Amino acid sequence: MEKLISLCMIVKNEEKVLARCLESVSTLVDEIVIVDTGSTDRTKEIAMYHTDKVYDFKWSNDFSAARNESLKHATGKWILVLDADEYVQPTGHQELRDFLSSVSDSNPRAFILRIMNFLGNGNHHLLESSGTRIFLNNGIYYKESIHEQLVSRQGNISFETYSFTIFHTGYQNNVVAEKEKTKRNLSILEKAKSKESLNNPYYCFVLANEYRNSGRNKEALKYYKKSLSKSKPEHTWYTHLVDRLVGTLVSENLFADAYRLIKDAQNRWSGYSDYYCLEGILLNHFGMYTDAMACFEKAIAIADECEKIDRPYWITQPNYGRLIPHQMIADIARKQDDLHKLVFHLTKAIQCDPTDHICLRLLLQTLTNHENEQKVIQLLQQLYSTDQPDICIFLLRISLSIGQKQLSHHFWLQCHHLNVSLTFADNINYSLVMNQPLPEQAWQLKNDQSLLSTDLALTASIIYQDNQYLNLCTNDKANNLQMVADQLIQVVNDNHVEVDIDDSTYPHLAEVLIRMFTMNYTDLFNKIIEHCADSKLLHLVSERMLLITRSDIALEYLSVLLENGALNGEGAKELAFFCLKHQNWEDGVSLLEYALESNPSPELIGILASSNPPAEVYQSFFKQFQKQYSYAVKLPFLYNRTL
């Protein structure tokens, strides 16, 4: 019986992921061909468990040569190509087989499949791409040493799309770092650089990608622009080219070029979320919070409408229509003290990415300031499967990190009920939050791996008045911190001592103070603030108070700094935001001018614009802003307000 589909792969040191890939195609393919280019781990052993067609091939820095070697051994009518860090969707296998059985093999044909790339850490950040992964086994082969392209000995290949998804984990942070992919790819691409290759828009695109991945943005821009000049919208890489060019332009502060490209893309792809979200990100960078929020809301609205008709709402990244707009609106709402909008969009962001501990921490901090804890627990039970051990310990640690006693106690009991193993650090955190001594039995959990974060160790040392916790600290300056801890213990015991705080200690002390504040160690917090709070510490504490939606305390400290002539530029910006919100133009603009002089920031102009000041007020400040940021006149959303 003729084989229908042959899976062809090239591999090297893929023991961590190969089995997952091969198991995913067990009901799809008839034959597996694996070419190994020099594995030194268990890759070949795993491969031979699934197939007897495993072949060695000496690596020559040429992906096409290795792939063509795998094609030589395939006997199926159709070829499916996967990398080891990919796997296919679990459904639709028989439908795909039935479809391929019905397709004529009289001419060269190939099918483009959707590829969902997992980015960063975890499984919630996705980039959609596509690739030709199925083709007839009738003289089609690869060329180009990297980012290989298919050609045929029988004439032009007919490329069509088929709705079937491949999932790719090779762009996750740990994998990229582990394999040094960028360094390898760039070496191959630069060796292939020639007059002919530089006239190939796809080659310029992939070369620019690797320059960008290695931090060489100016070179990336050169080749992205070269690619754009020769690419056509129907090319499969075109949407990704525009997306990455926008990102690179922004990273190089070429905002006017980025804005023009974004607006052009909105005209071309008006029914998708991507470029409304990107416009929002750009506007937010300049403090244009109201306009940015409108863009993010537009991106979300497009996603809502597309889902009603079961159509994709994104061109490159699903997060452009969901996770990112919700996160960005939540951050704007926090700055504007709009608690209702803050809670709504934090909740939506968590529904998109339940592992987003930053959003979850802020949501719980906000809710527990205004709702009773039982309602908060009920919300968490709606968002999470709280009877799952890994979820329960996650929620416990978030609750402990914000110093919330009732939530911590609830999930502590739940963890015990589920027999979850709790660490020495968990026990210290829980005892601190509950305002109780660390139980003796907790010390039995301590072992050589029981390292504590610097902030937890310093907090425990001060509250329990015992610097031994810093012996378990991960910080290489623990000895210096022990001295600081001893001095702070004297302070909280009302002894007058000089506290020696160096630059590296300030951020830790600010975090400790916030921990004390959230855990209701009010007396200790006040004593340390009164004794140690110089301008640097007060600024750091103020910044953190703003992040936990305690703008009342932050503004009190910043006002003290202003009265004493010790306010820095960042603090001036926050006070200006408050003044302008209350239409105190004179003080607000004066503070913005000070911030512009001492700590220039692009968002200063937008903070003023978003407050709808009188035209002459905006025009006057814009002139000063333009001296620092000459490109401002090229940005219509800034310059047009001066007309």
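**Helix packing and a pocket**

Trainee: Is the crossing of H16 and H18 left-handed or right-handed?
Mentor: H16 and H18 form a right-handed crossing (the near helix is turned clockwise from the far one by less than a right angle; anticlockwise is left-handed). The model is predicted, so local features need pLDDT of at least 70 and side-chain atom pairs pLDDT 80 or more, while totals for chains, interfaces and linings use all residues. Residues are numbered from 1 along each chain as its sequence is written, and side-chain values use heavy atoms, without hydrogens and water.

Trainee: At what angle do H16 and H18 pack?
Mentor: Helix H16 (residues 373-383) and helix H18 (residues 405-417) pack at about 50°, with axes 9 Å apart (lines fitted to C-alpha atoms over the stretch in contact; angles run from 0 to 180 degrees between N-to-C directions). Helices are DSSP runs of H or I, at least four residues, numbered from the N terminus.

Trainee: Which residues of H16 and H18 make the contact?
Mentor: H16 contributes Glu373, Val376, Ile377, Leu380 and Gln381, and H18 contributes Gln406, Leu407, His410 and Phe411 (contact means heavy atoms within 4.5 Å). By class, this contact of H16 with H18 has 5 nonpolar, 3 polar and 1 charged residues (Ala, Val, Leu, Ile, Met, Phe, Trp, Tyr, Cys and Pro are nonpolar, Asp, Glu, Lys and Arg charged, the others, Gly among them, polar).

Trainee: And how do H18 and H19 cross?
Mentor: Their axes come within 10 Å and cross at roughly 140°, and H18 and H19 are therefore oblique to each other. H18 passes H19 in a left-handed crossing. Lys405, Ser408, His409 and Trp412 of H18 meet Asp426, Asn427, Tyr430 and Val433 of H19. The residues of that contact divide into 3 nonpolar, 3 polar and 2 charged.

Trainee: Changing topic, what lines the second largest pocket?
Mentor: The second largest pocket has 30 lining residues, with His357, Ile358, Arg361, Gln365 and Ser401 nearest its centre. Helices that each supply at least two lining residues include H13 (323-335), H15 (357-370), H17 (389-401) and H19 (424-433). H15 gives the most, with 6 residues. A pocket is an open set of points on a 1 Å grid over the protein atoms alone, where a 1.4 Å probe fits, with protein on both sides within 12 Å along at least five of seven lines; lining residues have an atom within 4 Å of a point.

Trainee: How is that lining divided by class?
Mentor: The lining of the second largest pocket has 11 nonpolar, 8 polar and 11 charged residues.

Trainee: How do H15 and H17 pack?
Mentor: H15 and H17 pack at about 55°, with their axes 10 Å apart. The crossing of H15 and H17 is right-handed. His357, Leu360, Arg361 and Leu364 in H15 meet Phe394, Leu395, Ile398, Ser399 and Ser401 in H17.

Methods: Parallel < 35°, antiparallel > 145°, perpendicular 65-115°, else oblique.
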